[in-house]
Amino acid sequence: MLARHIRYFLAVAEHLSFTKAAMALHVSQPALSQQVKQLEESLGARLFDRSGRVTRLTDAGAAYLQYVRRASQELQEAQRAIHDVRDLSRGSLRVAVTPTFTTYLVGPVVEAFHSRYPEITLSLQEISQEHMEELLLADELDVGIAFEHAHSPDIEAVPLLDETLALVVSPGHPLAHEKSVGLERLNAESLVLLSTEFATREQIDNYCRKHGIHPKVVVEANALGAVIDIVRRTSLSTLLPAKTAFAHAPLVAIALEPERLQRKAVLMRRRDAYQSFAARVFTKLTVAISAELKS
């Protein structure tokens, strides 16, 4: 009974509408309203303000919602823990990565993971770091691969490797045979870059501001594959990890001088969250493969 009350409360809090919540739960609106009313009576507090055109959480409802969400996350973790104990050969793992890692790190990690545990279902998505952190905190992800300096203190980061960005060009680009490029020449380049929603773009913009340069960005894309294909087909250049160029031959990586553009890759997870067997194995494999890539 209590579980149903909580589920109905969460639905109304999410939709801020008894009508929409009832539709989402596939129950009648009177039944939903009655369950929420019973919950309010048991708590001795009104959780929703129904007086206006839009249903709103009261102060008591907003405070209660924080604890209910936390409890809901812990119950979901408890279910995963039970599944782990019952059968370690089954399960699922939710992973997210920022775009640049898909070309040289994720493939080897997934290959190693799947070869050892083929019955574990892997859900993999490529998203921005900010969105990744939101999903980790909401317990909608198990692990994420991104960069250090997580924004929330509730996220912990396991160091993986240092990544160096370079100017990446096609073999026919005028700079293709250069080993390094200075800031003045970089400033004269026309670039295709990942869009501003990604951490990679933020790091590139910070690097350019630091050195007082303003290369011309003529194309922005929200997919790494699009950036790589455009560079391959045009005279435009981009700034990406050098390993990305190596993974997409015949693209060429040219070192930035006099100061390299570097960042530290990390595996992120929610602090103090239950780590399933699949998550622990995936973390261990990712750390090991990252060590191999550094050597």
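Student: How much area is buried between domain 2 and domain 3, and what share do carbon and sulfur atoms give?

Tutor: Buried area is the accessible area, taken with a 1.4 Å probe, that two parts lose on being put together, summed over both. Between domain 2 and domain 3 of this predicted model, that area is about 1,000 Å², of which carbon and sulfur atoms give 73%. On the side of domain 2, Pro 99, Thr 100 and Thr 103 lose the most area to domain 3, together 45% of what that side buries. The model is a prediction, in which local features need pLDDT of at least 70 and side-chain atom pairs count only at pLDDT 80 or more, while totals for chains, interfaces and linings use all residues. Residues are numbered from 1 along each chain as its sequence is written, and side-chain values use heavy atoms, with hydrogens and water left out.

Student: How many residues of domain 2 and domain 3 are in contact?

Tutor: With contact meaning heavy atoms within 4.5 Å, 11 residues of domain 2 touch 14 residues of domain 3.

Student: How many salt bridges does the rule find across this interface, and how many does the structure hold?

Tutor: A salt bridge is a side-chain nitrogen of Lys or Arg within 4 Å of a carboxyl oxygen of Asp or Glu; by that rule there are 0 across the interface of domain 2 and domain 3, whereas the structure holds 15. One of these joins the side chains of Asp 139 and Arg 270, at 3.9 Å from N to O. This pair links distant parts of the chain, 131 residues apart, with Asp 139 in the loop between helix H6 (129-137) and strand S5 (143-147), and Arg 270 in strand S12 (residues 261-270). Helices (H or I, at least four residues) and strands (E, at least two) are DSSP runs, numbered from the N terminus.

Student: Which strands pair with S11, and in which sense, parallel or antiparallel?

Tutor: Two strands pair if DSSP finds at least two bridges between them. Strand S6 (residues 155-169) runs antiparallel to S11 (residues 252-256), joined by 3 bridges, and Val 168 stands opposite Ala 253 in S11. Strand S7 (residues 180-181) pairs with S11 in the parallel sense over 2 bridges, where Val 181 has Leu 256 as its bridge partner.
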